[in-house]
Amino acid sequence: MKSEMKKKQKCIILIIIVVGVVWAILGGIIHQRYMKEKVYGEAVQMYEEEQYEEAEEIFTKLGSYKDSISYLLNIKIIFDNLESNYRYALELSDKCQYQDAIKVFEELGDYKDSVEMIDEIRKLQYLDAEKLFNDNNIEQAYKYFLALGDYRDSLDKVAACKNKMNESEVNEVAYQAALENYRLRNYYLALEQFTDLQDYKESIDMMTKCQKAIHQNYNTISAGVICSMGIKDNGEVICTESNLYKFSGISDWRNIVSVSCFGNIAIGLKEDGTVNVVTISNSTIDVSEWNDIVSVSAGYDYVVGLKADGTVVGVGHDAGDGQLKIDKWENIVAISTGWRHTVGLTVDGIVYITGYGSSSQLRQIEAHKADWTDIIAVAAGGGSDSSSGKGHTVGLRSDGTVVAVGDNTYGQCNVSSWKDIVAISAGDRHTVGLRSDGTVLSVGHYNDNTCSTESWENIVAISAGTGFTLGLKSDGTVMAVGYNKQNQRPDSEEWTNIKRYSGWENMKE
């Protein structure tokens, strides 16, 4: 009897030991996987934050874990492009094409010694300008000092050059400088310069072109989720009233030049570069310190503003997705927000994307980068519920063709056949394009006639929302199709005299 009990005890002890060993092994495996996943997540975050060298080191250690190899290939491509652009900037500097070189180095951010190179180029440009001035090559010196802005005593040197030149010479150099700023898409500075020149050569026409380019960032209609917004000719804002919610205070807004709404947020850009924001949630959206804003866009519980200097500001919801990781963006000329991702377009036609799905979309762009060239406008789409598209990005090319990446569940990215497009807009799961003849193309979700725009004519602006689409006509009235269960579509009788900016027709050069 005692012998049997001892055997049972030994068996139990053996079982306990085996279970303990197995558990320890499993625990080790689970811990190892947990640690790998944690490290992988850190590497992905570094990649998203453009800390490529640190991310590369971790992905290399991870080997074939998940899609680490794919990230390594992307980083290699990024490094190759950065190095190529760096060498190109050096070549421009060697050719004394200083402003172009500075633009490229600015785009490179903190790659290698790009920041230091910008300062070195300005020093070279200043020294060349001084030499030209001393050699009595006043016109060229004036041009260089003018481009340098307030660097050192350049403004004083500009005045000194003017004293040595006649009016015609001063105007010609200033005119050429303005043309150069227009070419570099510094539209606000170019507009100021052409305005000072008034009737010199084609300055008046160039002022119109600058204004047209600036107005591309203005939206006088906006289709959101539960409402539509519009700006009247007198600068007042009208907004449809939902069955469930109402944006209070919008009727008091004045001097508004652009609007955007999405979900619980509505934002308006004022003439003086400040903004108004209202919400119907508990979100705190403080934009009281925003100034010099030239474009605004609302996403899901967050807003983004483009400043005149090409930088971007944002405030609101950012937990987990990174849609507000925009503080390092520079030389931006256009912005757009979707559900939880933000898109920026640089002066050189490069597209930035951050937030939900951004890594996948950027990889798609990199894989088809030949198609993503000469981009002049961007649009971000996506929705927040399980049946909506989870994010897509659309780009308009200078030749009037359109490209798109991201979620294509509903065919919202099927735009490759589009031609002669002058404006684009992206909804939750559909995409809309305005043609130069005033007609409108739509692809994506067709329930509730969301994309039934084939009969529209004389349209000068478009806006795609959550399940519905707006079109502004040349006579100031608004067309609307699609979802309307919350009364989000505007009443055609009330929505008249909506502001149309000069140059919206035939926007494409």
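## Helix H2 and what follows it

Helices here are DSSP runs of H or I with at least four residues, strands are runs of E with at least two, and both are numbered from the N terminus. The model is a predicted one, in which local features need pLDDT of at least 70 and side-chain atom pairs count only at pLDDT 80 or more, while totals for chains, interfaces and linings use all residues. Residues are numbered from 1 along each chain as its sequence is written, and side-chain values use heavy atoms, leaving out hydrogens and water.

Which residues of H2 are buried? In this helix, spanning residues 52-62, they are Tyr52, Ala55, Ile58, Phe59 and Leu62. Viewed down the helix axis, these buried residues fall within an arc of 130 degrees, so they line one face of H2; the arc is taken from the directions from the helix axis to the C-beta atoms. An α-helix has 3.6 residues a turn, so residues three or four places apart point the same way. Glu53 and Lys61 are exposed on the other side of H2. Buried means under 20% relative accessible area, exposed means over 50%, and partly exposed lies in between (1.4 Å probe, protein chains only).

## Salt bridges

Side chains of opposite charge can pair when their charged atoms come close. A salt bridge is counted when a side-chain nitrogen of Lys or Arg is within 4 Å of a carboxyl oxygen of Asp or Glu, and by this rule there are 14 salt bridges. One of the linked groups is a network of Glu83, Arg87 and Lys112.

Lys131 and Asp135 meet at 2.9 Å, N to O; Lys131 is exposed, at 53% relative accessible area, and Asp135 is partly exposed, at 48%. For Lys157 and Asp153, the N to O value is 3.7 Å, with Lys157 buried at 17% and Asp153 partly exposed at 28%. Arg429 and Asp428 form a salt bridge of 3.8 Å, N to O; here Arg429 is buried at 14%, and Asp428 is buried at 3%.

Strands of a sheet pair through backbone hydrogen bonds, either parallel or antiparallel.

Strand S8 (residues 302-307) is joined to S9 by five bridges; strands count as paired if DSSP finds at least two bridges between them. Across from Val312 in S9 stands Leu306.

## Two helices side by side

The axes of helix H9 (residues 187-197) and helix H10 (residues 203-215) come within 9 Å and cross at roughly 155 degrees. Axes are lines fitted to C-alpha atoms, for helices over the stretch in contact, and angles run from 0 to 180 degrees between N-to-C directions.
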